[in-house]
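Please look at the sequence and the structure before reading the points below.

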Amino acid sequence: QVGLGKTLQLAMAAQLIALYGDKPVLVIAPKTLLQQWQEEMKTLLDVPSAYWNGLCWVDENGVEHEKIGAKGIKNCPRKIGLVSQGLIFRKGEVASLLLTQEYECVIVDEAHRARRMGLSPGCEENRNPELNNLMDFLISLAFKTKSLLLATATPVQIHPVEAWDFLRLLAIGNHRILGNEFSHW
């Protein structure tokens with residue numbers, strides 16, 4: 001549902017996790033929402049953050065930090081960093097560099113964009129899935145974070161198997177979700 005405060009709730013979770021943890025918090029959202037995330041965090045919670053604009057980090061005061069290219073993605077000036085899903089979809093150097101770090105929490109806004117490819121109503125969901133770049137990236141990233149929060153108002157877009165894919169993603173490294181690879185699921 002639009003307007004229920006999903007961003008604010010996730011921002012509060014990011015704030016609490018950042019305060020109690022040692023590692024950074026990564027928020028992955030559509031590019032069009034990065035500044036909204038940052039603005040809501042600043043004005044409603046007084047939480048500092050920085051978003052990656054493709055060249056450098058921009059903090060909550062609009063200050064652009066050192067422009068050193070893609071390698072700068074590893075030097076976020078704040079504990080909470082906001083990154084565009086588009087960078088992940090393009091599967092470039094930035095995405096690879098993000099996978100070299102560990103995180104207290106990763107929050108994915110509009111998580112329904114991470115999915116299998118080739119799904120359609122009535123398709124055979126048991127075949128070996130071909131994943132889009134975002135889902136493939138999140139599977140790798142799930143091993144590098146303590147907490148993974150997937151936010152979407154529409155978790156099932158095309159086929160019910162998408163909900164199971166999200167559960168599988170949440171279960172990586174956490175056997176309390178679906179058990180281990182030998183469980184009945």
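Which side chain meets Lys-91 in a salt bridge? It is that of Asp-136, at 3.5 Å from N to O. A salt bridge here is a side-chain nitrogen of Lys or Arg within 4 Å of a carboxyl oxygen of Asp or Glu, and by this rule there are nine salt bridges.

The model is predicted: local features need pLDDT of at least 70, side-chain atom pairs count only at pLDDT 80 or more, and totals for chains, interfaces and linings use all residues. Residues are numbered from 1 along each chain as its sequence is written, and side-chain values use heavy atoms, with hydrogens and water left out.

**Lys-91 and Asp-136**
- Lys-91 lies in the loop between α3 (85-89) and α4 (93-98), and Asp-136 in helix α5 (residues 133-142), 45 residues apart. Helices (H or I, at least four residues) and strands (E, at least two) are DSSP runs, numbered from the N terminus.
- Asp-136 is partly exposed, with a relative accessible area of 32%. Buried means under 20% relative accessible area, exposed over 50%, and partly exposed in between (1.4 Å probe, protein chains only).

**Glu-104 and Lys-146**
- A salt bridge of 3.4 Å, N to O, joins the side chains of Glu-104 and Lys-146.
- The pair links strand β5 (residues 103-109) with strand β8 (residues 145-151).
- Glu-104 is buried at 7%, whereas Lys-146 is exposed at 60%.

**Glu-60 and Arg-78**
- The closest N and O atoms of this salt bridge are 2.9 Å apart.
- Glu-60 is buried at 17%, and Arg-78 is partly exposed at 23%.

**Network**
- Salt bridges link Lys-6, Asp-109 and Glu-110 in a network.
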